[in-house]
Amino acid sequence: MADKPALTPDFCLHVVVNSTPKPSQWKPPADTPSTKTLFDLGVVDALTSSVFAAGVKARIFPWHIDDSDVTSAPGTTLQAAANSVQNNAF
Amino acid sequence: MPSKRLVLLLLVCCAAARPAETSFKLTGTAEADRTAPNAVYVDYTGSLAPGPNPFLTPSSWRVFWSVKSNPAIHAAHVASVEPDAASQKIRLLLDGDVPPAGASWSVLFNPAGPPYVLPQVIAGTPTREESAPEPQAGTPAGPVAHVPAKTKKSCDSTDAKQKPMFCPAASGQPPDVTLTASFLAAGGTKPIYTLVLKGTLQENGTFLGFHPGVSTDFEINQNLKPPVNSTTFDPDSITAGLSFVRVIPMLYSPPPQGQPARDHLLYGVKLQLGVPNFEFSTSDSSSSIVFNPAATFVLTSWQPTKHSYVTFYPFLALEAGENLSKPAKIEKIPVNLSSYNAILRGVLGTDAALVTVSPDDKGKGGMVNTFSLTGSYRVRLPAFDEPEVRTLHQVTTVDLTTKARHWVEGDINFAPWSFKYLAITGKYQYGELPPLFKLLDHSFTIGLTLQASQSK
């Protein structure tokens with residue numbers, strides 16, 4: 001079994017950004033996770049929201065998370081999405 | 001003149017010096033660290049001012065907690081404070097009387113000053129009880145965890161479990177359930193009512209990686225054209241069945257260290273299995289049973305402006321089944337459909353949408369649809385002969401062929417008011433739908449749509 005990486009805020013944010021359709025739109029430090037939304041990174045509708053949640057679930061392995069526990073609405077900030085991952089992964 | 005320039009330079013310097021301090025604020029949320037025990041993270045926005053700062057002083061912070069079995073309040077000492085600019089969190093390392101697993105906790109920020117900053121209480125974000133990390137040798141007992149407070153369910157909640165079953169279709173999402181009603185009134189005729197109920201509801205659980213759900217498409221009086229002296233409800237096309245949905249994300253290799261991330265055109269694939277669906281038309285006593293696996297290819301959207309987007313999703317499906325009952329007459333014309341038995345169709349198509357959104361007026365950073373223009377095209381390619389019913393100039397013809405059957409649908413949806421369950425809808429339809437593939441010849445309807453999204 002693979003070693004679990006530390007579930008740090010940075011790791012969760014990295015997973016969230018890389019699970020969006022447009023990770024190239026995330027340009028720190030000019031962009032901040034509290035202002036950048038999933039919509040800005042291409043999560044625009046129900047279908048992309050569900051693919052985003054499934055992507056988070058796949059990328060966070062060996063941690064586990066239910067799709068429904070990933071905050072994935074387009075208006076969500078990256079910080080809120082990363083928090084939902086950190087709070088609900090097990 | 002030089003004095004004016006000097007004053008201007010001073011003003012610019014003052015303005016440049018202020019934003020770093022004034023833009024900083026705590027967002028009011030905090031989470032427990034799941035892997036490093038005895039640490040919590042406090043979210044902030046803006047940038048921390050360099051140098052001595054009350055937000056980076058351990059004595060400015062305290063963490064208070066209690067457990068359900070004992071209402072006595074405990075306080076944990078903050079040993080050190082570490083900001084993380086990338087994730088915009090302040091990490092508080094606790095020592096002493098730290099909260100045990102299952103405790104409710106809050107963070108108090110109360111700096112001594114000067115400089116004086118207003119105190120703030122930050123409630124810890126509820127955490128899943130089963131999410132406690134695996135115990136490791138040499139680490140202190142349990143991390144900080146929380147007992148979720150019972151709160152009234154609201155569509156504004158970020159926690160799916162705290163939402164009611166249905167919410168307005170917000171944040172740029174199309175609704176999961178729609179009920180559209182419209183009517184056409186013409187001189188000398190009774191009004192024609194049309195009703196369309198569409199929906200796809202999913203269950204949270206999974207079966208072999210697929211989410212089970214129920215999909216319906218119930219259309220009444222779609223085929224009537226004025227003048228019609230009838231108000232009888234005439235269900236034209238009804239499709240209902242159990243479906244299983246699985247979403248597969250594309251997992252591309254991450255870019256090499258130091259290289260910028262790349263966007264990819266294909267973002268994911270949605271697989272849908274209908275097990276099985278029924279297609280029937282009560283007006284012609286025709287029905288079929290169809291198994292229809294389908295795949296929708298989710299392509300990365302194009303965002304021409306900050307508040308609009310264009311999506312384009314190709315669609316591929318197979319429809320296989322059997323005709324269960326065939327009518328002896330269609331629109332009073334005797335027909336022989338004895339060779340209409342097996343059903344096998346390839347389905348190709350695409351769904352496209354142009355949507356504008358606007359920031360939520362509740363100021364919570366959300367977005368709501370204001371206008372959407374969606375288009376859908378399907379072509380069905382039957383492998384075996386299937387009926388095709390056409391009425392042109394009041395002459396009805398019925399063919400049994402393998403000709404391609406096209407279906408085009410365009411919708412305009414406008415929700416100008418704050419009650420997002422209701423929208424003005426304009427719809428255009430053309431083409432043929434199973435089971436009898438009656439030609440619907442350029443239908444335009446305008447009506448009101450009651451719409452909702454399933455909370456997920």
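Reader: How do strands S3 and S4 of chain B pair?
Author: Two strands pair if DSSP finds at least two bridges between them. Here, in a predicted model, S3 (residues 61-67) and S4 (residues 70-84) of chain B pair in the antiparallel sense over five bridges. Val67(B), for one, has Asn70(B) in S4(B) as its bridge partner. As for the labels, helices (H or I, at least four residues) and strands (E, at least two) are DSSP runs, numbered from the N terminus.

Reader: What is the strand order in the open sheet of chain B?
Author: Seven strands run S1-S2-S5-S4-S3-S6-S7 in chain B, with antiparallel pairing. At the edges sit S1 (25-32) and S7 (120-123) of chain B, each pairing on one side only. From one strand to the next, the twist averages 30°.

Reader: Which helix of chain A packs on the sheet?
Author: For contact, look for heavy atoms within 4.5 Å. For angles, axes are lines fitted to C-alpha atoms, for helices over the stretch in contact, and values run from 0 to 180 degrees between N-to-C directions. Helix H3 (residues 78-88) of chain A touches S1, S2 (39-45) and S5 (89-95) of chain B, and its direction makes about 20° with that of S1(B).

Reader: How many residues are in contact between chain A and chain B, and what area is buried?
Author: Buried area is the accessible area (1.4 Å probe) that two parts lose on being put together, summed over both. In this case 51 residues of chain A are in contact with 61 residues of chain B. The buried area is about 4200 Å², with carbon and sulfur atoms giving 56%.

Reader: Where are the cis peptide bonds to Pro29(A) and Pro62(A) placed?
Author: Check omega. The bond from Pro28(A) to Pro29(A) is cis, with omega near 0°, and Pro29(A) is in the loop between H1 and H2 of chain A. Phe61(A) and Pro62(A) are also joined by a cis bond, with omega about 10°; Pro62(A) is in the loop between H2 and H3 of chain A.

Reader: What conventions apply to residue numbers, chains and pLDDT?
Author: Residues are numbered from 1 along each chain as its sequence is written, and chains are lettered from A and ligands numbered from 1 in the order in which they are written. Local features need pLDDT of at least 70 and side-chain atom pairs count only at pLDDT 80 or more, while totals for chains, interfaces and linings use all residues; side-chain values use heavy atoms, leaving out hydrogens and water.
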